[in-house]
Amino acid sequence: MPYNNRNHILKRQHAMRVTRQYYEPGRHDRCYRWVWKHYIKDMFHVEYKTYLKWLREERSDRQEAIQQTLFD
């Protein structure tokens, strides 16, 4: 059976939904570190660096999707 990373992608998407729910830009008491510390860390058991990596990957995926829709 070939390897797929579907569960990893679903976990990352769920973490991004939680982030969108609780992160508030401009508020220092609701920053990414606060979201990670209060929700992501206990829910997904990942370190802060991994969480930041997921944020970067999600941002690049979103930009890629926008570019595809603009140039198709």
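R12 is buried in this predicted model, with a relative accessible area of 10%; buried means under 20% relative accessible area, exposed means over 50%, and partly exposed lies in between (1.4 Å probe, protein chains only). The model is a prediction, so local features need pLDDT of at least 70 and side-chain atom pairs count only at pLDDT 80 or more, while totals for chains, interfaces and linings use all residues. Residues are numbered from 1 along each chain as its sequence is written, and side-chain values use heavy atoms, with hydrogens and water left out.

R12 forms a salt bridge with E57, where the closest N and O atoms are 2.8 Å apart. A salt bridge here is a side-chain nitrogen of Lys or Arg within 4 Å of a carboxyl oxygen of Asp or Glu. Because R12 lies in helix α1 and E57 in helix α3, this pair ties together parts that are 45 residues apart in sequence. E57 counts as partly exposed, at 22% relative accessibility. R12 also forms a salt bridge with E58, with 3.8 Å between the closest N and O atoms. That pair, too, links distant parts of the chain, as E58 sits in helix α3 and R12 in helix α1, 46 residues apart. Both E58 and R12 are buried.

A search of the whole structure finds four salt bridges. Another of them joins R27 and E24, whose closest N and O atoms are 2.9 Å apart. R27 is partly exposed, with a relative accessible area of 36%, and E24 counts as partly exposed at 31% relative accessibility. Salt bridges that share partners join R12, E57 and E58 into one network.

The wider fold can now be described. The protein chain has three helices and zero strands, in the order α-α-α along the sequence. Helices (H or I, at least four residues) and strands (E, at least two) are DSSP runs, numbered from the N terminus. Of the 72 residues of the protein chain, 22% count as buried.

The largest nonpolar core holds 13 residues, and I40 and Y51 have the most contacts inside it. Helices α1 (6-22), α2 (32-44) and α3 are the elements that give two or more residues to this core, and α2 provides the largest share, five residues. A nonpolar core is a set of buried Ala, Val, Leu, Ile, Met, Phe, Trp, Tyr and Cys residues joined through side-chain atoms within 4.5 Å.

The loops have points of interest as well. H45 lies in the loop between α2 and α3, and its phi is near 55 degrees, a positive value in a residue other than glycine. Most residues other than glycine have a negative phi. H45 counts as exposed, at 68% relative accessibility. C31 lies in the loop between α1 and α2 and counts as partly exposed, at 27% relative accessibility. The C-alpha atoms of C31 and T19, which are 12 residues apart along the chain, are separated by 9.6 Å.

R56 is found in helix α3 (residues 48-71) and counts as partly exposed, at 48% relative accessibility.
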